[in-house]
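This report describes the ligand site of the structure shown below, and then turns to selected helices, strands and loops.

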Amino acid sequence: MATSIVIGPSSRELAISVANKLKAEKIYVQHKKFPDGESYTRLESKIKKGSDVIIIETLFPQNDSIVELLCILDVVHEFKPKSVTLVAPYFAYSRQHERYLKWEAVSGKTVAELLDKKINRIFIFDVHHKKNLFSFFRHAKPTELSAAKQIADYFKAVENPFIIAPDQERTGFTDVVAEELGCKYSWLSKHRDRYTGKSISHMRHKIDIRGKNIIIVDDIISTGGTIISAIELLQQHGAADIYAVATHHMNVAGVAEKILAAGAKEVVATNSIPAEISKIDLSGIIADALRKK
Ligand code: R5P
């Protein structure tokens, strides 16, 4: 049966690249914003009844892409597909996977539940808290993909590398990068003020990083506060060059520049969210995962 790939507006280049790799039919999406801010969405061609449909749409910009995706899903279902797979390289609101303060909305759960019954499978890259987020899907089968190997590959020319995770929760990701590069890794302890959002890094224990070229690996760069706090600490402890990389860079204006100004030699991310620094391509991993069925 035919496989059709819906080219989500927020992941256009990535989706085209995956469709080319899989030699699958592309279904383009026409979309625009009305002057009042509402979205208009239309599939540019029909989908064969009973097809396996794959939608590639990263959930960024968060609120717009969620509405666009819900509209796309409604139209896709009119064609009575055999299955619907969603590839959402970045899953919006995944950092709010639990309640930290009384009466907070667990918005990661809200978004997951909006999509759950409309899809059969979902692929997400380097999930912030896999156990919690995946527990919100009761119908769709969630799968985590990782950019760790591609990140390691990007930095393979760095001599004398040492991998640092800005907090402990990133183990299972940063250690894979270190393993691929054949170097050591460690992590910092981080405290985030739940009211101001400001994060402060501390050395967890004595790690000798003098003269090492540090690659700070995180899942998300948003305001850059976490990475900048880590850079300042690592500089105080004698790091040589410092590089910053994350799977998801939220493309907030000026953040990459602030990280460079804080002393990073380079800041780079994957194309889970399109941006100037999104130089690490995920299309190969996505195509391989979709080939496996
Ligand atoms: C949080 O625990 C995440 O892993 C990232 O470190 C965090 O989301 C980065 O956000 P920001 O760039 O605003 O510090």
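## Ligand site and local features

An oxygen atom of the ligand lies 2.8 Å from a polar backbone atom of glycine 224. The model is predicted, and the distances given here are computed from its coordinates. Taken alone, the ligand exposes 380 Å², of which the protein buries 93%.

| Residue | Protein atom | Distance to a ligand oxygen atom |
|---|---|---|
| Glycine 224 | polar backbone atom | 2.8 Å |

In helix α1 (12–22), the buried residues include Leu14, Ala15, Ile16, Val18 and Ala19. The cover over the buried residues of α1 includes strands β1 (3–7), β2 and β4, together with α9 (283–292).

Helix α3 spans residues 107–116, and its buried residues are Ser107, Gly108, Val111, Ala112, Leu115 and Asp116. Among the elements that cover them are α2 (62–78), β5 (83–87) and α4 (130–135).

### Backbone features in loops

Most residues other than glycine have a negative phi, and most peptide bonds are trans. Lysine 23, which is not a glycine, has a positive phi of about 50°. Lysine 23 follows α1 and is located in the loop between α1 and β2 (25–33). Is lysine 23 buried or exposed? Lysine 23 is exposed, because its relative accessible area is 76% and the threshold for exposed is over 50%.

Asparagine 251 likewise has a positive phi, of about 60°, although it is not a glycine. The loop that holds asparagine 251 runs between β12 (242–249) and α8 (255–261). With a relative accessibility of 39%, asparagine 251 counts as partly exposed.

A cis peptide bond links phenylalanine 60 to proline 61, with omega near -5°. Proline 61 is placed in the loop between β4 (52–56) and α2.

### Buried strand residues and a loop glycine

Isoleucine 164 belongs to strand β8, which covers residues 161–165. Its relative accessible area is 0%, so isoleucine 164 is buried. Beyond residues up to four places away in sequence, isoleucine 164 touches Ser186, Leu188, Ile207, Ile214, Ile215, Ile216, Val217 and Leu234. Isoleucine 164 and aspartate 175 are eleven residues apart in sequence, and their C-alpha atoms are 9.1 Å apart in space.

Threonine 270 lies in strand β13, residues 266–270. Threonine 270 counts as buried because its relative accessibility is 0%. When neighbours within four places in sequence are set aside, the contacts of threonine 270 are Ala147, Ala246, Thr247, Ser278, Ile280 and Leu282.

Glycine 211 is found in the loop between β10 (199–203) and β11. Glycine 211 is partly exposed, with a relative accessible area of 42%. How many residues along the chain separate glycine 211 from alanine 239? The two are 28 residues apart along the chain, while their C-alpha atoms are separated by 5.5 Å. Not counting residues up to four places away in sequence, glycine 211 touches Asn160, Gly238 and Ala240.

Terms used:
Residues numbered from 1 in each chain as written. Predicted model: local features only at pLDDT ≥ 70, side-chain atom pairs only at ≥ 80, totals over all residues. Heavy atoms only, no water. Helix = DSSP H or I, 4+ residues; strand = E, 2+ residues; numbered from the N terminus. Buried < 20%, exposed > 50% of the residue type's maximum accessible area, 1.4 Å probe, protein only. Contact = heavy atoms within 4.5 Å. Polar contact = N/O pair within 3.5 Å; in protein donor to acceptor, adjacent residues only side chain to side chain. Areas by Shrake-Rupley, 256 points an atom, 1.4 Å probe, with all protein chains shown as cover.
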